[in-house]
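Open the model in your viewer and keep the selection tool ready. The tour starts at one residue and ends at a chain-chain contact.

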Amino acid sequence: MHNQTLGNRARDYVSPESPEEVAETLRQANETGQTVIPVGGGTKQGFGGEGGEADLLLSTANLAEVIEYSPGDMTITVQAGATIQTIIDAVREHNQMVPLDPSFPAQATIGGVIAANDSGPKRMLYGSARDHVIGLHVAHSNGEILRSGGKVVKNVAGYDMNKLFIGSMGTLGVITEVTLKLRPLPKDQSMCVLTFPEGVESAVKPFITELLDTHLEPVTLEYMNPSLTNALLNKEGYSLLITFEDVQKAVQYQEKWVYDHVPVGAELTVFREEEVDDFWRTFAHFSIDDDETVVHVKMGSKNLQVLERVENCSRLQQWRDLQVFAHGGAGHGISRAYVKGEEGAVQSFVQDLRKVCEEDGGYAILTHAPLAFRKTIGVWGTKPSYFSLLEGIKKQLDPQAILNPRRFVGGI
Amino acid sequence: MTEKAEMVEEMIRQLGDDAVLHRKEDLLTYECDGLTVYRGMPLAVVFPSSTEEVSGVVKWLHEHEIPFIPRGAGTGLSGGATPFGGEVIISLVRMKRLLDVDYDNREAVVQPGYINLTLTNSITHKGFYYAPDPSSQACCTIGGNVAENAGGAHCLKYGVTTNHVLGLEVVLHNGEIVEIGGVPDAPGYDLMGLVTGSEGTLGIVTSITVRILKNPEAEETAMAYFDSVEDASYAVSGIIAAGIVPAAIEMMDEIAIQGVERATNPVGHPEGSKAVLIMEVDGIATGIEEQIEEMVSVCERHNVVDIKVAKNDRERGRWWANRKTAFGAMGAISPAYLVQDGVIPRSRLSEVLAHIADISAESGLRIANVFHAGDGNLHPLILFDARNEGETDLALDVGSRTLEACTAVGGSITGEHGVGIEKKEDMRLVFSDEEIERQITVRSVFNPHNLLNLDKQFPKPARCGEVKQAVGSGEAHQVAEQR
C-alpha cells in the first residue's frame with residue numbers, strides 16, 4: 001500500500017504492541033521533537049499533507065483486537081487497528097451490523113475511518129462516524145491516554161470530545177480504542193436501480209423530490225454519473241441507487257412504489273438479497289488504475305445539490321481529456337469524484353469544481369492525490385473564517401505539533 | 001457610578017429599556033432553572049432580539065470581565081442556567097423565530113428561543129417533524145436543547161440533538177460571530193459537535209439549522225404490565241435481541257405508576273403493577289404489525305400480566321402525556337423530588353435497579369423510577385420533603401449514590417440533563433483529573449477567561465494551574481466545591 005508519490009512517509013517505522021506503548025512512543029517523540037504519522041490500513045496515504053517526510057510512521061497494525069462485544073447492549077469496543085471487516089464479521093453472528101460503509105472495508109481500520117471521517121452511501125439513513133462512535137481512548141502527544149465518551153449510547157457528561165477526533169486526521173492524538181453503537185441487521189433488503197439515458201437525467205430531481213415526499217425510508221439515494229454507471233452496472237446513462245432495508249413486507253411495499261413510479265425514459269432493475277451486498281461491496285472497492293494522475297475529490301453540499309455536483313463533474317469533464325467517475329447521495333449531501341488524466345487537466349478540473357462548490361457554500365477537498373499535486377492546489381480549499389479556533393485546539397492538544405504536521409486544514 | 005449601574009445603563013443603551021431587568025424583585029425568577037435546590041442572584045437579565053444584539057452585549061461584558069450565562073426557557077434540570085451570583089443572564093427568549101424551512105433538503109433554521117414542539121407543529125401540515133423530544137418539549141427552547149444536547153423518549157431510534165444539528169451560528173466569548181457546519185463534514189475539527197452539549201460554556205448559539213424528518217407512515221404503541229421490574233427488564237433486552245429497532249421503550253416502576261395515576265393525566269394503570277413498559281414501533285405501515293406481534297410475544301415469554309395496543313392516536317397521545325408528565329406528577333405523592341439522569345448498559349438494568357432499591361431502603365427516601373429503558377437512561381426520582389431538616393442534603397447524596405451505581409457498571413452520570421452545577425463533582429466518577437483537565441483546556445480556546453457560564457460543567461481539577469500553586473502553599477483542599 002505504501003506509495004512513493006503519495007507522501008506521508010517517514011524515516012522510521014514502529015508498530016506498538018499495546019496502547020501504553022503508543023502513548024510512550026508519543027511521549028518520547030514529543031520530548032525529542034520528532035514528528036509522527038499515525039497509520040492504520042494505509043488506505044488514506046494520499047489524503048492530506050503538504051509537508052515533507054516525518055520522523056516516525058506509527059502503525060496500529062498490532063492493535064487489532066475486539067475488546068468487548070455486548071450484543072445485548074448493541075455496542076462493541078475494539079482496538080483502533082481492527083478493520084471494518086473484522087467488526088462486521090464479529091457482530092454478524094448476533095445478527096447485528098456496524099452501520100458504516102466506507103471504502104476498502106477489508107483494509108481500512110476503524111481508527112483510520114474515524115480519523116479521516118470516511119463514509120458511504122448508507123449514511124443517508126444510518127449517519128456517519130459522528131453518529132456511531134460513543135467512546136474513544138486516545139493517546140495524546142504528552143504520553144497520556146485519555147478517554148472520551150464511554151460505553152453507553154447516551155452520554156452528556158462533559159464535552160462531547162469524541163467529536164473532536166472524528167475527522168481530525170490524526171492531528172490531535174492517536175486513537176487506540178473505539179466503542180461503537182451497532183444496529184440489528186435488516187431482515188430483508190433490496191435495491192432499485194433506475195438508469196436514466198443521457199438527456200433524461202432532468203427527470204431525476206422531480207422523481208427524488210416525489211419520493212422524499214412519501215413515507216418511504218430509503219437507506220441510499222446514490223446518484224452516479226455515466227462513467228461510474230458503466231463501470232459498476234455495465235449500463236448507459238446516469239443511475240440512481242435506491243436501497244431499502246426493513247422487514248420483508250416493508251421492503252416489498254417500497255420496491256413496489258418505485259416500480260409504479262418509474263419516470264418516463266428510465267429503466268428499472270431490482271437487486272435482491274445477496275445481490276445487494278455484492279453490489280455495495282464492489283462499490284466500496286471501486287478504484288482506478290494509477291498510471292496517470294489519479295485524484296479523489298470529496299464534496300459537501302445541501303442534500304439535493306448533490307445532483308448538481310454530479311452533473312457539474314460531467315460538464316467540467318467535457319472539454320478536457322479526463323476520465324471522471326462521480327457519485328453523490330441525494331439524502332446526505334456528500335459527493336465524490338474519481339478523476340484520472342494528464343496532470344494539468346486534472347488540476348484545472350479540480351480548481352473549477354472547487355470554485356463551484358465553494359460558491360454554493362460547500363467545499364471540495366482532495367481525499368487522494370499525489371503529494372506534488374496536493375502541494376500545487378491544496379487539499380482543503382479556502383480556510384474557514386473560524387480558523388483561529390481550530391489552531392487553538394491543536395495548540396492545546398499537541399502544542400509541539402508532532403502529530404501529522406501540516407496534514408490538516410490550513411496547515412495544521 | 002457603581003459597576004452594576006454602569007452595566008445596566010450600557011445594556012439599556014444597547015437593547016432598550018424594556019430589554020433589561022435589574023431590580024431585585026424582577027430577578028428572583030432567574031435565581032435558578034428547573035433544578036431548584038441551588039440558587040444564585042444574577043446581576044441583571046438582558047433580552048437581546050438579534051444576533052447583533054447578542055454580539056454587542058457579549059463584547060461589552062467581555063471587555064468589562066463580567067461573567068454571563070445564556071438562558072433559554074429555564075427548564076434545565078442540572079442548574080446549567082443558574083447563577084452562582086453576579087452573572088448577567090442573557091435570555092434568548094425574544095429570539096424565537098422560525099427563519100426558514102427547506103423541505104426538499106429536510107432542514108429548518110430556527111433562532112435559539114424557538115420552542116422545540118412549535119417546530120414540529122409548524123411543519124406537521126407538510127408531514128414533517130423534529131425528532132428530539134425531551135419531556136419539556138412544549139416549553140423548552142431549541143437553543144437550550146443544543147446547549148444540553150437534549151434527548152427524549154424517541155432517541156432510541158432517532159438519536160439525540162447532536163445527531164440533528166446541521167449548522168450553527170455562534171457568538172464567541174468576545175462577541176465575534178461565526179458560522180459552523182452548514183454542510184456535512186465541513187473541513188476542520190467538528191466544532192458543531194463540540195459546541196452541542198457544551199452547556200453554554202463555549203459560545204452563545206444564535207441560529208440553528210436542524211434536520212427535519214418525514215413523519216413515519218404508521219406508528220403503533222403498546223403498553224405492557226409486569227409483576228416485577230426484572231421481568232420488564234428482560235423483556236426490553238428480548239425486544240432488542242429480536243432485532244427490532246423500537247422508536248421508544250419507556251419504563252415506569254410501581255412508585256412512578258402511583259404518582260402518574262394520582263396526577264393530571266391518569267390512564268388507569270392497574271393498581272399494584274410493579275412495572276409498565278410503553279413501547280412504540282414506527283415505519284412503513286405494512287411492516288408494523290409483525291413487529292408489534294413480535295414485541296407482544298417477547299413480553300409474553302417474560303411473564304407479562306397484561307398487554308394492550310393503543311386503539312387510536314388519541315389513546316396513544318394520552319399514554320404519552322401520562323409518561324411525559326411523570327416528573328411533575330411526583331408532586332401528587334411527595335412535596336419535593338430530585339430527578340437524576342444516570343445511564344447504564346441496558347443489559348445491566350435489573351441489577352442497577354436492585355442497587356437503587358437498596359439505596360432507597362438504606363436512606364429511607366422513596367425513589368420512583370421513570371426511564372428510557374431502551375437506551376439505558378435512568379431517571380430515578382428521589383422523593384423528599386425539604387421542610388424536614390437535612391432531607392434536601394440527604395436527597396442530593398442519594399442522587400449521587402444512584403449515579404455511583406450507574407458508573408460502577410460502566411455507565412455515565414448524565415444521559416441528557418447535563419452536568420450544570422449539580423453533577424460537577426460527580427464528573428470525577430467517570431473521568432480522571434487528566435481527562436477533566438483536558439476538557440478544560442479545550443474550553444480555554446473558546447472561553448479563555450471563564451466568563452461564559454462561569455465554573456459550570458467541570459469540577460476544579462486537582463492539577464490545573466492555580467491549584468498547583470495552592471498545593472505548594474498547603475491549600476490544596478480549597479478546590480473542594482460546595483455542592
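Select A:Met124. This residue sits in helix H4 (residues 123-126) of chain A; helices are DSSP runs of H or I with at least four residues, numbered from the N terminus. The model is predicted: local features need pLDDT of at least 70, side-chain atom pairs count only at pLDDT 80 or more, and totals for chains, interfaces and linings use all residues. Residues are numbered from 1 along each chain as its sequence is written, chains are lettered from A in the order in which they are written, and side-chain values use heavy atoms, without hydrogens and water.

Is A:Met124 buried or exposed? A:Met124 is buried, at 16% relative accessible area (buried is under 20%, exposed over 50%, with a 1.4 Å probe and protein chains only).

Now show its contacts (heavy atoms within 4.5 Å). Leaving out residues up to four places away in sequence, A:Met124 touches A:Leu212, A:Pro218, A:Val219, A:Thr220, A:Leu221, A:Gly331 and A:His332. Next, pick the C-alpha atoms of A:Met124 and A:Glu222: they are 9.1 Å apart, for residues separated by 98 positions along the chain.

Move to the interface. Chain A brings 76 residues to the contact and chain B brings 87. Color A:Lys154, A:Val156 and A:Tyr159: these lose the most area to chain B within chain A, together 15% of what that side buries (area is the accessible area, 1.4 Å probe, lost on putting two parts together, summed over both).

Finish on A:Lys302 and B:Glu107. Their side chains form a salt bridge, 2.9 Å from N to O (a Lys or Arg side-chain nitrogen within 4 Å of an Asp or Glu carboxyl oxygen). The rule finds nine salt bridges across this interface.

How values were computed. Helices (H or I, at least four residues) and strands (E, at least two) are DSSP runs, numbered from the N terminus.
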